[in-house]
Amino acid sequence: MEHVSLAETDASEAADGVHLALMAGSESMNVQHFEIESGATVEEHSHPHEQTGFIYEGELTFLTDDEEIVCGPGDSYALPGDQPHAAENRGDETVRGIDIFSPPRENPNWQSD
């Protein structure tokens with residue numbers, strides 16, 4: 001069994017105001033904690049990984065297929081692999097949540113794209 005405490009992880013800044021911390025993982029999936037500051041944007045991207053997540057603080061607006069979906073505290077979501085999507089924190093507070101990716105993925109760096 002792998003055990004990873006959020007307090008013991010080092011978050012990376014994948015884009016301005018977007019902080020990601022890899023947590024526990026296996027051969028088929030992994031967990032990533034995220035914090036997205038007010039006004040920060042995750043630019044449109046896609047990846048082969050299926051992505052499910054849960055927001056526990058703040059509101060995050062997902063943009064996908066000309067659709068905007070707002071997820072707030074207590075909301076979960078699922079994105080199929082290869083679906084283009086973006087996310088924006090349009091609120092006044094930092095968004096905090098977790099994502100689960102299958103297969104596992106490393107922290108991305110959208111600033112280098």
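Q: In this predicted model, where is Glu 59 found?
A: Let's start by walking along the strands. Strand 5 covers residues 50-57, and strand 6 comes next in this part of the chain, with a loop between the two. Glu 59 is found in the loop between strand 5 and strand 6.

Q: How many Å apart in space are Glu 59 and Ile 36, C-alpha to C-alpha?
A: Stay with Glu 59 for a moment and look for Ile 36 in the structure. Along the sequence, Glu 59 and Ile 36 are 23 residues apart. In space, their C-alpha atoms are separated by 9.7 Å.

Q: Which residues is Glu 59 in contact with, leaving aside its neighbours within four places in sequence?
A: Here a contact is counted when heavy atoms lie within 4.5 Å. With the neighbours within four places in sequence set aside, the contacts of Glu 59 are Val 70, Cys 71, Gly 72, Glu 88, Asn 89 and Val 95.

Q: How many salt bridges does a search of the whole structure find?
A: To count as a salt bridge, a side-chain nitrogen of Lys or Arg has to be within 4 Å of a carboxyl oxygen of Asp or Glu. The pair Arg 96 and Glu 35 passes, at 3.2 Å from N to O. Searching the whole structure gives a total of 4.

Q: How many residues apart in sequence are the parts tied together by Arg 96 and Glu 35?
A: The side chains of Arg 96 and Glu 35 meet in a salt bridge. Arg 96 sits in strand 10 (residues 95-102) and Glu 35 in strand 3 (residues 30-36), so this pair ties together parts whose separation in sequence is 61 residues.

Q: Is Glu 35 buried, partly exposed or exposed?
A: Buried means under 20% relative accessible area and exposed means over 50%, with partly exposed in between. The relative accessibility of Glu 35 is 26%, so Glu 35 counts as partly exposed.

Q: Where does Asp 65 lie, and is Asp 65 buried or exposed?
A: Asp 65 belongs to a negative surface patch together with Glu 44, Asp 66 and Glu 67. Its place is the loop between strand 6 (60-64) and strand 7 (67-71). The relative accessible area of Asp 65 is 57%, and the cut-off for exposed is over 50%, so Asp 65 is exposed.

Q: What separates the C-alpha atoms of Ser 28 and Arg 105, in Å?
A: Ser 28 is in the loop between strand 2 (18-25) and strand 3, and its contacts beyond four places in sequence include Pro 103 and Pro 104. Ser 28 and Arg 105 are 77 residues apart along the chain. Their C-alpha atoms are separated by 9.8 Å.

Q: Which residues make the nonpolar surface patch of about 250 Å²?
A: One member, Leu 6, lies in the segment before strand 1 (12-15). At 35% relative accessibility, Leu 6 counts as partly exposed. The patch is made by Leu 6, Phe 54 and Tyr 56.

Methods:
Residues are numbered from 1 along each chain as its sequence is written. This is a predicted model: local features need pLDDT of at least 70, side-chain atom pairs count only at pLDDT 80 or more; totals for chains, interfaces and linings use all residues. Side-chain values use heavy atoms; hydrogens and water are left out. Patches are made of residues with over 30% relative accessible area and no salt bridge: like charges are joined within 9 Å, nonpolar side chains (Val, Leu, Ile, Met, Phe, Trp, Tyr) within 5 Å. Accessible areas come from the Shrake-Rupley method with a 1.4 Å probe; for residues, only the protein chains shown count as cover. Lys and Arg count as positive and Asp and Glu as negative; His and the chain ends are not counted. The place of a charge is taken as NZ of Lys, CZ of Arg, CG of Asp or CD of Glu. Helices (H or I, at least four residues) and strands (E, at least two) are DSSP runs, numbered from the N terminus. Buried means under 20% relative accessible area, exposed over 50%, partly exposed in between (1.4 Å probe, protein chains only).
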